[in-house]
Amino acid sequence: FVHASAQLDHCFINTENGPVLIDANAQIMSGAMLRGPVYIGEHAVVKMGTTLYEGSNIGHHCVVGGEIKNSIFHANANKSHHGYIGDSYIGEWCNMGAGTSCSNLKNTAGELKAWNMDTSSFINAGKKAGILMGDHVKTAINTSFNSGTVVGGFSNVFNPTDMLPKYIAPFQWGMEQQYDLEKLLEEVKRWMMMKGQEPTTSALESIKTFYLKTIQQ
């Protein structure tokens, strides 16, 4: 199902296992391969050579590349370059540097655990789980995540000195310090400006409230 305003270049679409829905003004570039069920939101861009497997949902104004399987990308998120994301949940306004990838399966094929922020404990996550990533998270190039990693919102993940932890708290700047609130708000504005948008006053107040609550804990 392709909206009349969508642009499809020389791409491959396979609907044997489920439908492929491409919404208004989306662009599917040359060489992209889509295997349904897949949804591509309004104004989303699927870059050249992208591989999208079953169960992938690409929100409006997202830009995606590389290999993606069974994953949800909420609005305005970017994974523009190579790397693998599978069995994952990606919040709004995330941006993944080139080479960002995740594991979604243990080498032992054993059960996975993921951090539950409400109970401050690990819970069972089945045998396949990638990243659970909050809104406005940024990752540096070649960032690698373990299976079942939880990344709190508004974090900037870069230059790990060792293997990344299975849980990264909200508002982290690298692994050793927290964001300065005013700098974070300026970054949020700049990122949204890149897509012709700006945060509302209520949105900025919500970020401040979440920040102060998180830091106090």
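In this predicted model, a polar atom of the Ser 155 side chain lies 2.8 Å from the backbone oxygen of Ala 169. Ser 155 sits in the loop between strand 23 (149–151) and strand 24 (156–157). Its relative accessibility is 1%, so Ser 155 counts as buried. Leaving aside residues up to four places away in sequence, Ser 155 touches His 136, Val 137, Lys 138, Ile 168, Ala 169, Pro 170, Phe 171, Gln 172 and Tyr 179.

One of these neighbours, His 136, belongs to the loop between strand 20 and strand 21. His 136 is not a glycine, yet its phi is positive, at about 60 degrees. With a relative accessible area of 10%, His 136 is buried. Ala 109 also has a positive phi, near 60 degrees, and is likewise a residue other than glycine. Ala 109 is located in the loop between strand 17 (101–102) and strand 18 (113–116).

Thr 143 counts as buried because its relative accessibility is 4%. Beyond residues up to four places away in sequence, Thr 143 is in contact with Gly 99, Thr 100, Ser 101, Val 157 and Leu 164.

| Residue | Relative accessibility | Class |
|---|---|---|
| Ser 155 | 1% | buried |
| Thr 143 | 4% | buried |
| His 136 | 10% | buried |

The loop between strand 5 (33–35) and strand 6 contains Pro 37. The peptide bond joining Gly 36 and Pro 37 is cis, with omega about 5 degrees.

The largest nonpolar core has 31 residues, and those with the most contacts inside it are Leu 34, Ile 40, Ile 58, Phe 73, Met 133 and Phe 145. At least two residues of this core come from each of strand 3 (20–22), strand 6 (38–40) and strand 20 (131–133). Met 133, in the largest core, touches Tyr 89, Ile 90, Gly 91, Cys 94, Met 96, Thr 139, Phe 145 and Val 151, not counting residues up to four places away in sequence.

Helix 1 covers residues 181–193, 13 residues in total, and reaches 18 Å from its first C-alpha to its last, close to the 18 Å expected at 1.5 Å a residue. The N-terminal end of helix 1 is capped by Asp 180, which has a side-chain oxygen 3.2 Å from the backbone nitrogen of Glu 182.

Turning to the strands, an open sheet is formed by 5 strands in the order 2-5-8-11-14, with parallel pairing. Strand 2 (12–14) and strand 14 (84–86) are its edge strands, and each pairs on one side only. Strand 8 (residues 51–52) runs parallel to strand 11 (residues 67–69), and 2 bridges join them. Leu 52 has Ile 68 of strand 11 as its bridge partner.

Terms used: Residues numbered from 1 in each chain as written. Predicted model: local features only at pLDDT ≥ 70, side-chain atom pairs only at ≥ 80, totals over all residues. Heavy atoms only, no water. Buried < 20%, exposed > 50% of the residue type's maximum accessible area, 1.4 Å probe, protein only. Contact = heavy atoms within 4.5 Å. Helix = DSSP H or I, 4+ residues; strand = E, 2+ residues; numbered from the N terminus. Expected span 1.5 Å × (residues − 1). Polar contact = N/O pair within 3.5 Å; in protein donor to acceptor, adjacent residues only side chain to side chain. Core = buried A, V, L, I, M, F, W, Y, C linked by side-chain atoms within 4.5 Å. Pairing = 2+ DSSP bridges.
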